[in-house]
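Please look over the sequence and the model shown here before reading on. The briefing is arranged by topic, for a reader who wants to follow each point in the viewer.

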Amino acid sequence: MGDLRSQPLLRSVLGGVLAGLAPGAAGPLAMLPALALLWSLADRPRDAAFWGLFAVLISHRWILGLHPLTWMGLPAWLSLPVAVSLLLVCCVAASLLLLLWSLLARWCRSRDGSWRFGQVLLLAMVWGGAELLLEGSPLFWIGVGGSVLPLDRSLAGLARWLGSGGLATLQLIWGWGLWQLWRRRGRRSTAWLLSLLLAHALGALSLSPPPALAALRLGAWQPAIPTREKFSPERQRRFNAALSAALQQAAALKVEALVAPEGTLPSRWQPDDVGGVPLPLISGGFRWVRGQLRSSVVLVRPDHAALEPLVDKHRLVPLGEWLPPLPAGFTRGLSAVGGLQPGDASRSVQAWPSPSAIAICYEISDGWALAKATSEGAEWLLTIANLDPYPLLLQRQFLALAQLRAIETGRDLLSVANTGPTALVSADGSVQRLMEPGSEAVAAAELQRRRRISGYSRLVSGWTWSSR
């Protein structure tokens with residue numbers, strides 16, 4: 001006989017690993033069993049904490065792609081320990097959150113040690129609400145709600161009404177139901193299966209996109225510039241020629257504007273550097289505002305000498321972009337750009353070519369902000385990013401979040417990234433990849449502008465108004 005005392009620990013490790021495999025890949029097929037295992041030890045804070053630690057250890061393992069960090073001025077011997085430390089910090093943060101949730105579960109349980117459905121609903125809603133808060137935090141949060149895609153688009157259709165927090169709540173409840181089926185040897189399995197089938201049917205019906213107003217034809221430039229080489233003199237010397245060639249290719253595709261990814265334009269760049277632009281350019285870049293450097297999206301028009309700021313990045317990566325007010329010697333090697341300042345929290349842009357909502361890099365995880373911008377009139381979504389040097393795992397997770405944002409808001413979304421994913425996501429969550437990851441190319445995408453507000457965007461708008 002094995003040591004029965006080790007079983008809770010084994011369940012926590014297995015559940016955490018399954019949960020870590022769900023985002024961007026296995027989806028509910030892995031997440032529901034993982035949540036069932038979590039419910040089996042929900043009143044054991046230490047084991048629940050291990051569940052959270054292993055979930056993030058697996059799902060966020062792409063953080064190790066930062067190594068080597070020598071290009072940022074970090075000594076070679078310190079590079080791997082720093083990358084590992086960043087991953088462990090995220091793991092410990094997740095384990096602390098699961099520990100707190102487990103303590104709440106222990107407090108909520110009945111005297112006989114079980115949970116009534118009302119208590120389960122409360123715990124699931126607390127989880128869903130916490131995910132919404134974390135989506136707007138400085139962390140790149142990929143929660144239970146965001147793990148549905150790309151595998152289960154039908155279930156994700158419920159996000160049109162419930163958002164990612166609602167999807168997380170439902171999966172927590174189904175995870176508890178699966179645990180109950182295991183304890184009772186399959187009794188009441190019919191009701192559990194019927195609830196799953198009904199949710200998928202309602203979600204599939206909800207995927208129908210709102211009516212289109214008009215088409216918007218945009219070009220997407222994926223420059224595929226390795227981040228570790230971006231600031232080298234050779235790359236900077238070749239930049240203007242590469243941008244000019246991309247603009248000419250976009251003009252030949254007869255698009256209304258060319259979109260370039262996060263951080264493309266240097267802080268002192270001007271249109272005269274390429275002899276002017278033949279068509280509008282919407283690009284990520286850096287700009288100075290009252291002595292502060294910001295990561296922004298700017299609009300460059302033909303025959304206009306000045307760059308028009310559209311939106312500044314609000315959520316900054318701790319250390320990688322935002323630096324604490326410490327002496328330069330303490331922050332050397334932590335940020336490639338020397339420290340940025342955040343812009344306004346609103347993602348709404350009311351400028352040419354039509355009202356839109358823009359997310360820069362991991363702001364794509366903040367569904368609340370994009371839903372609010374949609375309720376304010378955004379007719380399409382744009383996200384720009386630079387996910388190099390991270391592996392393809394992060395690109396899959398990023399694109400899955402882009403799908404969820406398109407479904408939540410009922411808006412077409414264009415993703416343009418330095419090495420990928422560069423893709424067009426329709427309002428129903430279907431994906432059209434415009435080019436292969438890591439390739440340098442220019443492609444055209446025709447998205448639809450839409451105006452009808454989704455149920456979730458209305459919910460966000462009503463909540464925001466009532467909380468003022």
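Predicted model: local features only at pLDDT ≥ 70, side-chain atom pairs only at ≥ 80, totals over all residues.

- Six strands make up an open sheet of mixed pairing, and their order across it is β5-β4-β3-β2-β1-β12.
- The edges are formed by β5 (308-312) and β12 (441-450), each of which pairs on one side only, and from one strand to the next the twist averages 40°.
- Strand β2 (257-265) pairs with β1 in the parallel sense over three bridges, and Leu218 has Ala257 of β2 as its bridge partner.
- On the pairing of β2 with β3, the two strands run parallel and are joined by four bridges, with Ala260 standing opposite Ser283 in β3.
- Strand β4 (residues 292-300) runs antiparallel to β5 and is joined to it by four bridges, and Leu299 stands opposite Glu308 in β5.
- Because nine of the nine residues of β2 are buried, this strand is largely enclosed by the rest of the structure.
- Helix α9 (residues 233-252) lies across β1 (212-222), β2, β3 and β12, and its direction makes an angle of about 155° with β2.

- Ser267 is found in the loop that runs between β2 (257-265) and β3 (281-289).
- Is Ser267 buried, partly exposed or exposed? Its relative accessibility is 30%, and Ser267 therefore counts as partly exposed, a class that lies between the cut-offs of 20% and 50%.
- When neighbours within four places in sequence are left aside, Ser267 is in contact with Phe286, Trp288 and Leu293.
- Ser267 and Leu399 are 132 residues apart in sequence, and their C-alpha atoms are 28 Å apart in space.

**Helix α4 and Leu97**

- Helix α4 (residues 76-108) has 33 residues and spans 50 Å from its first C-alpha to its last, which is close to the 48 Å expected at 1.5 Å a residue.
- The buried residues of α4 include Ser79, Ala83, Leu87, Cys91, Ala94 and Ser95, and also Leu98, Trp101, Ser102, Ala105 and Cys108.
- Among the elements that cover these buried residues of α4 are α2 (28-39), α3 (45-59), α5 (117-135) and α7.
- Leu97 also has its place in α4, but with a relative accessibility of 36% Leu97 counts as partly exposed.
- Not counting residues up to four places away in sequence, Leu97 touches Leu134 and Trp141.
- The C-alpha atoms of Leu97 and Trp127 are separated by 9.7 Å, while the two residues lie 30 residues apart along the chain.

**The packing of α7 with α12**

- Two packed helices are described by the angle between their axes together with the distance between those axes.
- For helix α7 (residues 159-183) and helix α12 (residues 392-409), the angle is about 135° and the axes are 8 Å apart.
- The contact is made on the α7 side by Ala159, Arg160, Gly163, Ser164 and Leu167, and on the α12 side by Leu404, Arg405, Ile407 and Glu408.
- By class, the residues of this contact of α7 with α12 divide into four nonpolar, two polar and three charged.

Terms used:
Residues numbered from 1 in each chain as written. Heavy atoms only, no water. Buried < 20%, exposed > 50% of the residue type's maximum accessible area, 1.4 Å probe, protein only. Contact = heavy atoms within 4.5 Å. Axes fitted to C-alpha atoms, helices over the stretch in contact; angles between N-to-C directions. Nonpolar A, V, L, I, M, F, W, Y, C, P; charged D, E, K, R; others polar. Pairing = 2+ DSSP bridges. Expected span 1.5 Å × (residues − 1).
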